[in-house]
Amino acid sequence: MDGSEMRARRKALGIKSQADFARRLGLSRDHVGRMERGDDPILPRTAAAVRSLKPEALNQKPTTKDPVERIVEQALIDAGIRYVTDQGGGTESRLDFRLIDYNIELEVKRFYTARAVEQVARAPNVILIQGERAARFFAAAIRSGDFFALMKDD
């Protein structure tokens, strides 16, 4: 891990200040600043501690009625990933979820439908999750917190 990755992970976690980040890691703010600038090396144990940090869960409850969509929605809440749903016109594409910070849309299906092809064509960056097992796999991957390689929109 280098300083730019450390900074990117801090920002992806929603931690604005180096002081707050340092507190969560048990380090000094000055040391975190030096590591982010590349002035101090990032030891393997520090890199492991940074990678183990997870975003704070969102302070909200699931609103979707479909049980497979609810699996995905609860994982997004648990992982602290901000989103909007298609309920009430929340997504322009009318897909099930839009991940606000990642410009990715999700369409969740219990079973295959011919309509799915038309639906995923509505947006340029879509993940189609089809089936309850796939939804549970996706939810576990999201909850792992290791999705920081995805670039947030600038």
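**Helix contacts and selected residues**

Reply: In this predicted model, Gly-3, Ser-4, Met-6, Arg-7 and Arg-10 of α1 are in contact with Met-35, Glu-36 and Arg-37 of α3.

Me: What is the make-up of that contact of α1 with α3, in nonpolar, polar and charged residues?

Reply: The contact of α1 with α3 comprises 2 nonpolar, 2 polar and 4 charged residues.

Me: And at roughly what angle do the axes of α1 and α3 cross?

Reply: The two axes cross at roughly 120 degrees and come within 6 Å. That angle makes α1 oblique to α3.

Me: Why give both an angle and a distance for packed helices?

Reply: Because two packed helices are described by the angle between their axes together with the distance between those axes.

Me: How do the axes of α1 and α4 cross?

Reply: Helix α1 (residues 3–12) and helix α4 (residues 44–52) have axes that come within 10 Å and cross at roughly 25 degrees. Angles under 35 degrees count as roughly parallel, so α1 is roughly parallel to α4. The crossing in which α1 passes α4 is left-handed.

Me: Which residues make the contact there?

Reply: On α1 they are Glu-5, Met-6 and Arg-9, and on α4 they are Thr-46, Val-50 and Arg-51. By class, the contact of α1 with α4 has 2 nonpolar, 1 polar and 3 charged residues.

Me: Which residues of α1 are buried?

Reply: Gly-3, Met-6, Arg-9, Arg-10 and Ala-12 are the buried residues of α1. They pack against α2 (18–25), α3 (29–37) and α4. Met-6 belongs to the contact with α3 and also to the contact with α4.

Me: Is Lys-11 buried or exposed?

Reply: Lys-11, which is placed in helix α1, is exposed, with a relative accessible area of 51%.

Me: What follows α1?

Reply: Gly-14 follows α1, and its phi is positive, near 80 degrees.

Me: Which residues other than glycine have a positive phi?

Reply: Arg-94 is one of them, with phi near 65 degrees. Another is Asn-103, with phi near 55 degrees. As background, most residues other than glycine have a negative phi.

Me: Where do Arg-94 and Asn-103 lie?

Reply: Arg-94 is in the loop between β1 and β2, and Asn-103 is in the loop between β2 and β3 (104–109). Arg-94 counts as exposed at 52% relative accessibility, while Asn-103 is partly exposed at 34%.

Me: Changing topic, how many aromatic pairs does the structure hold?

Reply: The structure holds 1 aromatic pair. The rings of Tyr-83 and Phe-97 have centres 5.8 Å apart and planes at 75 degrees, so the pair is edge-to-face.

Me: Which parts does the pair tie together?

Reply: Tyr-83 is in strand β1 (residues 83–85) and Phe-97 is in strand β2 (residues 97–99), so the pair ties together parts that are 14 residues apart in sequence.

Me: Are Tyr-83 and Phe-97 buried or exposed?

Reply: Tyr-83 counts as buried at 9% relative accessibility. Phe-97 is also buried, with a relative accessible area of 0%.

Me: What about Gln-119, buried or exposed?

Reply: Gln-119 counts as buried, because its relative accessibility is 1%. The residue lies in helix α6 (residues 115–120). Leaving aside residues up to four places away in sequence, Gln-119 touches Leu-95, Glu-107 and Lys-109.

Me: And where is Ala-48 found?

Reply: Ala-48 is found in helix α4 and is partly exposed, with a relative accessible area of 44%. Ala-48 and Met-1 are 47 residues apart in sequence, and their C-alpha atoms are 9.2 Å apart in space.

Me: Finally, the chain as a whole: how many helices and strands are there?

Reply: The chain has 7 helices and 4 strands, in the order α-α-α-α-α-β-β-β-α-β-α along the sequence. The C-alpha trace spans about 55 × 25 × 25 Å along its principal axes.

Me: What percentage of the residues count as buried?

Reply: Of the 154 residues of the chain, 39% count as buried. Among contacts with a separation of 6 or more, 44% are between residues 24 or more positions apart.

Technical notes. Residues numbered from 1 in each chain as written. Predicted model: local features only at pLDDT ≥ 70, side-chain atom pairs only at ≥ 80, totals over all residues. Heavy atoms only, no water. Axes fitted to C-alpha atoms, helices over the stretch in contact; angles between N-to-C directions. Helix = DSSP H or I, 4+ residues; strand = E, 2+ residues; numbered from the N terminus. Parallel < 35°, antiparallel > 145°, perpendicular 65-115°, else oblique. Left-handed = near helix turned anticlockwise from the far one by under 90°. Contact = heavy atoms within 4.5 Å. Nonpolar A, V, L, I, M, F, W, Y, C, P; charged D, E, K, R; others polar. Phe/Tyr/Trp six-rings, centres within 6.5 Å; stacked < 30°, edge-to-face > 60°. Buried < 20%, exposed > 50% of the residue type's maximum accessible area, 1.4 Å probe, protein only.
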